Amino acid sequence: MTTYIALLRGINVSGQKMIKMVELKAMFESLGFETVQTYIQSGNVVFQSNDLTEDEMAERIHLAILDQFGFEVDIQVFSVPIWNQVIANNPFIAHDNLDEAKLYVSLLATLPLRENVEKLASFAFQEETYQLIDRAVYLYVPKGYGNAKLSNNFLESKLKVSATTRNWKTMLTLANMI
């Protein structure tokens with residue numbers, strides 16, 4: 001069995017797309033996934049599977065949520081090596097004096113087109129910084145993510161790809177769970 005992490009975009013936010021974690025865990029198990037664990041209410045699932053690609057797993061999960069809960073949810077599935085690479089690539093960790101509570105990672109469903117990356121680069125926000133590495137946008141937002149201009153929706157609109165954002169603590173917790 002191989003271990004994976006699934007991230008669900010936009011569930012349990014402001015009373016929208018509500019899924020209880022016990023129900024989500026049971027749904028994953030009904031799909032044949034094993035050793036299923038959830039972490040907090042924002043749609044983080046660690047599980048084991050064999051014989052499916054990440055895209056195939058994401059599609060099965062997507063369809064099962066649509067069938068069981070009645071709404072669309074973007075799903076991203078990561079293998080352990082890819083997740084560990086995302087963690088290792090964070091350029092802000094090397095900086096002293098940065099508050100890790102202000103670090104976030106927006107994970108992109110696909111690589112954005114060059115012209116969209118250039119469009120994003122044309123925007124600058126006082127104090128907020130980002131770095132795009134592969135399919136991860138690493139964010140440092142000193143005034144907190146709730147006040148950030150570099151929000152998930154902003155990144156999606158400029159890069160033209162689906163994204164889901166997690167704080168650095170969640171990223172590390174999921175790494176420890178695998």
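Is Glu29 buried, partly exposed or exposed, and what is its relative accessible area? I found Glu29 partly exposed, with a relative accessible area of 40%; on this scale buried is under 20%, exposed over 50% and partly exposed in between, with a 1.4 Å probe and protein chains only.

I note that this is a predicted model, in which local features need pLDDT of at least 70 and side-chain atom pairs pLDDT 80 or more, while totals for chains, interfaces and linings use all residues. Residues are numbered from 1 along each chain as its sequence is written, and side-chain values use heavy atoms, without hydrogens and water.

**Entry: salt bridges**

I looked up the salt bridges (a side-chain nitrogen of Lys or Arg within 4 Å of a carboxyl oxygen of Asp or Glu) and found two in the structure. In one, Glu156 pairs with Arg9, with 2.7 Å between the closest N and O atoms. I place Glu156 in helix α5 (residues 152-159) and Arg9 in the loop between β1 (2-8) and α1 (21-30), so that the pair links distant parts of the chain, 147 residues apart; helices (H or I, at least four residues) and strands (E, at least two) are DSSP runs, numbered from the N terminus. Glu156 is buried, at 16% relative accessible area.

The other joins Lys25 to Glu29 at 3.3 Å, N to O. Both residues lie in helix α1, four residues apart, about one turn of the helix. Lys25 is partly exposed at 31% relative accessibility.

**Entry: positive phi**

I recorded a positive phi of about 45° for Ile40, which is not a glycine. Ile40 sits in the loop between β2 (34-39) and β3 (44-49) and is partly exposed, at 41%. Asp134 also has a positive phi, near 55°. I located Asp134 in the loop between β6 (129-133) and β7 (136-140), where Asp134 counts as exposed at 53% relative accessibility.

**Entry: sheet and helices**

I traced an open sheet of four strands, antiparallel in its pairing and ordered β2-β3-β1-β4; strands pair if DSSP finds at least two bridges between them. From one strand to the next the twist averages 20°, with axes fitted as lines to C-alpha atoms, for helices over the stretch in contact, and angles running from 0 to 180 degrees between N-to-C directions.

Four bridges join the antiparallel β2 and β3, and Glu34 has Gln48 in β3 as its bridge partner. Helix α6 (residues 168-177) packs on the sheet and touches β1, β2 and β3, contact meaning heavy atoms within 4.5 Å. Its direction makes about 160° with that of β2.
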